[in-house]
Amino acid sequence: MLRFAPPLIMALLVGPILAGLVMAVLPAFGYLPALGGHAFSLDPWRQLFGQPGLARSVGVSFASGLVTTALSLAVVLLFLAGVSGSRLDRWIRRMVAPLLSVPHAAAAFGLAFLIAPSGLLARLVSPELSGWERPPDVQIVQDPWGISLMAGLIIKEIPFLLLMCLAALPQLDPERRVAMARSLGYRPTTAWLKVVAPSLYPLIRLPVFAVIAYATSVVDVALILGPTLPPTLAVSILTWFNDPNLSQRFVASAGAVLQLGVTASALIAWWCLERLAARLGRRWLDRGERGRSERPLRLAGKGLILLATLTAFVGIAGLALNSVAGFWRFPDALPQGITAVHWLRALPTLSGPVASTVLIATAATLVALALTLAALENEQRTGRQPAQGRLLSALGLLYLPLIVPQIAFLFGLVVMMESLGIRPTHALVIFGHLLFVLPYVFLSLSESYRLFDARWSQLALSLGASRNGTFWRVRLPMLLAPMLTAAAVGLAVSIGQYLPTQLLGAGRVPTVTTEAVSLAAGGNRRVIGVWAMVQASLPLVGFIIAVGLPRLLWSNRRGMRGSP
Amino acid sequence: MRIPALAVPLPALAVPLFVSLSLSLPAAADTWQHVLDDARGQTVYWHAWAGDTRVNDYLDWVKRQVRDEHGVELVHVKIDDTGAAVSRVLAERSAGNHDDGSVDLIWLNGENFAAMKANDLLYGPFAETLPNFALTFPEHNPEVVTDFTLPTEGYESPWGKAQITFYYDAEEFDEAPPRSMAEILAWAEANPGRFTYPRIPDFLGSTFLKQALIVLADDTKALYEPVAQSDFETVTAPLWDYLDALHPHLWRSGRQFAASGPEMRRLMADGELALAFTFNPAEPAAAVADFELPESTRSYVLEGGTLGNVHFVAIPFNSPRRSGAMVVANFLLSPEAQAHKQDISVWGDPTVLDVTRLDDETRALFAQERDNPALLAPEALAETLPEPHPSWMTALQDAWQSRYVGR
């Protein structure tokens, strides 16, 4: 039985993506019989390249992939290098999980309201300091260079990369490495950057690739924060797919293939940068400097991560305030009145979406957890360890759904499901979510599972327990905390999904995220505030359970409560 | 590749066909009873734009009504772009799904209708079989059977009306607000950064282009024929001159535009804009009631009238629950539902029924409060400019984008 888990996972992940891609490539070359495209041609490509502003769309998409990733990674590495175990450091690390659970769209709305010319910051300093009686007419949000888009992405990618680093670090035994380097006279931050970072990077390489792919092709954040004339490539593709002029579907398909190319080029460019960094880094290592710029580096790491975290939280607080605001005119720093009317109005319509969100997220997460445990247990019993960090390894395939842009294969997948006669249902949406939940659950759980001290199992076996008994009665209970954390990550990923829910569910399966995004079309900040709060609080419940349950269950066993 | 020319004879303004059909009573009543029986117990998936909580609340009310009155379970599938539903039906057809579609009813008009009809994605004709359709008196109100100059031929059923309505904050204006396109330009020059329009291809933004074109073009007759039959460059030249002059004085100097009508409303609420417009004449008054806009908000229409149109509901060709969808469409046309929709505290969307021809008791349902200062006087809506042919919308959108996107 267990033997079949790895191939099953691969088939589940790779099959739909390949099928979806094929159904995107065919129309890109003019083949879509339902629309009268019976012959292959290059017309869609000619039309695509004739679209106004295409070069700029592509440029912003490409740049936001590289810049977002480089900055997020730099901030995370600098922070980790300067970590000293102070109270501030612990607080920042504790903030990571809730921040990770905030869906991208909610964080983006929060940031937009914070930095807009009529936003919270401008209101706080107006009119006393700035002299603005009305919002200044300056372009901040949705700027044509995509800077606000990148800022919004960085805020969300920092917690993700930080969590990935924290998960990988224990393997490297960083304390001893740093101690060794310090005994050679290196200052602590420089020591970490010289002896830990180079070994850490290969372990987090695939998550970094996932960030690049996500940032080049994201739709919901780009709709909220990205440029508009033209928008990013992924947003343009969505517009073409939804164009009432149905022949635009060919252009959209060509665009989807182009998106694949843009993401691939960004990955290749990153790979070249890796080589360059490795070469320069080696020279820096060989020079043997013991660390002159120790303090600025440490302050930069701490300051930047603090800035990003606070920005996210203040943005969310701004949304919360909006959800209860009465009339609130610029430049008032606070609304004129507080009212529950927005919540009361939303309440009757909340229950349905919340119920189906919970159902879908729970089902997808449970399936993902079961498959993950089966694959990991199989790995333990056969003693095979997968190679880490290579895209073409079995583990690399896990990253496929995170690296192939959603927009490139989801539309094709819908056509494929239709032709197989599979009708949109909750089950199909759960299947779609599984594509994205499974990799995250696997990645969150695999490290703890592999690091689990094998002597516990050996002990149980030597006392006469069967292999299965050992699994159920020793390994699972002892791994409860990491399992719940992985489940909470899975829930958060599922709750945040927009495109897969909307497309595979034919819009019939409303979740809090699809509701929030469609209501966002109305631009009413009060309503957006209400739904963003709901959207952000659901995953938080999952994380609270993940942290609280082990403490409750193992209140008499300190070592089993998971990390604080 | 554009849609092949929409070769439908134009414009069949008076359509006596429907009337004669809907008046053949005994047979129709039997068939309708059959539809009602068939519909009972069906679940109807209605794909409708959900960007406004007031609209959503109204659909929720409709849902409860049709459940109680007809035993039809209505599900509002909330979408942010009607094109997505069109796309969905297309995906189903391209997969060979001809009888078990997932969309039963779509709220649409204009180019979405034109596209679906041209691609045979609609079921029909059905509108004339709805008993309440007769209350729109199509022989006197050609707009309920004409969608952007295209005859609907019974493939969609009218639901509500829209007309461009301008609104402003009276406290910010010392003089009267601009009442013509030329005055808007002059006012924008004097008050830079306080006006904008939604970014193309948003439908309200595209409507603003059409409004400007109708006023500025020398030859408006060409606008009511397919665009292929006229010299686009010459006809639209005055529009581009106007926009080139206007853009530097717009919000963000015309380098960025509002995303949609509702976003313009938010920009008004934030004080970024001083003048804006909407397609729903009651929206400003409703936003005042919702604490969004200040109480000094006032509405008006331009001199010579503004563009107005009717929005419809249609049934996709592969809907397996047509009877249910027709029962819903018929309920939407009932005086009860239309009056509730027109109520400013509910949605404020004008009725498509010909109120003047209804009996006194029914007409009383539509009595409006007159003393809301933010609300547009009903007689202001009398001056309605008809929508141009839908092909103009697409041509204008493309031309706008190649002129202003990416610079």
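Trainee: Where does A:Pro230 lie?

Mentor: A:Pro230 lies in the loop between helix 11 (220-225) and helix 12 (233-241) of chain A. Helices here are DSSP runs of H or I with at least four residues, and strands are runs of E with at least two, numbered from the N terminus. This is a predicted model: local features need pLDDT of at least 70, side-chain atom pairs count only at pLDDT 80 or more, and totals for chains, interfaces and linings use all residues. Residues are numbered from 1 along each chain as its sequence is written, with chains lettered from A and ligands numbered from 1 in the order in which they are written.

Trainee: What is the peptide bond from A:Leu229 to A:Pro230, cis or trans?

Mentor: That bond is cis, with omega near 0°. Chain B has a cis bond too, from B:Ile200 to B:Pro201, with omega near 15°. B:Pro201 sits in the loop between helix 6 (181-190) and helix 7 (203-216) of chain B.

Trainee: Why is A:Gln142 called buried?

Mentor: Count C-beta atoms, placed from the backbone: a residue is buried if 20 or more others lie within 10 Å of its own, exposed if 12 or fewer, and partly exposed in between. A:Gln142 has 23 within 10 Å, so A:Gln142 is buried. The residue belongs to the loop between helix 6 (120-125) and helix 7 (147-168) of chain A. Its phi is positive, about 60°, although A:Gln142 is not a glycine.

Trainee: What makes A:Asp173 count as buried or exposed?

Mentor: A:Asp173 has 12 C-beta neighbours inside 10 Å, so A:Asp173 counts as exposed. Phi of A:Asp173 is also positive, near 50°. Its place is the loop between helix 7 and helix 8 (174-183) of chain A.

Trainee: How do you know whether B:Asp37 is buried or exposed?

Mentor: B:Asp37 has 11 other C-beta atoms within 10 Å, and is therefore exposed. B:Asp37 is part of helix 2 (residues 25-39) of chain B. B:His70 is 33 residues away along the chain, yet the two C-alpha atoms are separated by 8.8 Å.

Trainee: And A:Tyr214, buried or exposed?

Mentor: Its count is 23 other C-beta atoms within 10 Å, so A:Tyr214 is buried. A:Tyr214 is in helix 10 (residues 205-217) of chain A.

Trainee: What makes helix 5 and helix 25 of chain A oblique to each other?

Mentor: Helix 5 (residues 104-115) and helix 25 (residues 525-553) of chain A pack at about 140°, with axes 9 Å apart. Axes are lines fitted to C-alpha atoms, for helices over the stretch in contact, and angles run from 0 to 180 degrees between N-to-C directions. Under 35 degrees is roughly parallel, over 145 roughly antiparallel, 65 to 115 roughly perpendicular, and the rest oblique. Helix 5 and helix 25 of chain A are therefore oblique.

Trainee: Which residues in helix 5 of chain A meet helix 25 of chain A?

Mentor: A:Ala106, A:Phe109 and A:Phe113 do, against A:Arg525, A:Ile528, A:Ala532, A:Gln535 and A:Ala536 (contact: C-beta atoms, placed from the backbone, within 7 Å). The contact residues divide into 6 nonpolar, 1 polar and 1 charged. Nonpolar covers Ala, Val, Leu, Ile, Met, Phe, Trp, Tyr, Cys and Pro; charged covers Asp, Glu, Lys and Arg; the others, Gly among them, are polar.

Trainee: Why is helix 15 of chain A called oblique to helix 19 of chain A?

Mentor: The axes of helix 15 (residues 341-382) and helix 19 of chain A come within 7 Å and cross at roughly 45°. That angle makes helix 15 of chain A oblique to helix 19 of chain A. Their contact residues divide into 18 nonpolar, 6 polar and no charged.

Trainee: Which residues touch the most other members of the largest nonpolar core?

Mentor: Among them are A:Phe109, A:Val441 and B:Val328, in a core of 222 residues. Helix 19 (residues 426-451) of chain A gives the largest share, 14 residues. A nonpolar core is a set of buried Ala, Val, Leu, Ile, Met, Phe, Trp, Tyr and Cys residues joined through C-beta atoms within 7 Å.

Trainee: How many residues of chain B are in contact with chain A?

Mentor: 59 residues of chain B are in contact with 50 residues of chain A. Helix 4 of chain B gives the most to the chain B side, with 10 residues. That side divides into 20 nonpolar, 20 polar and 19 charged.

Note on methods. Two residues are in contact if their C-beta atoms, placed from the backbone, lie within 7 Å.
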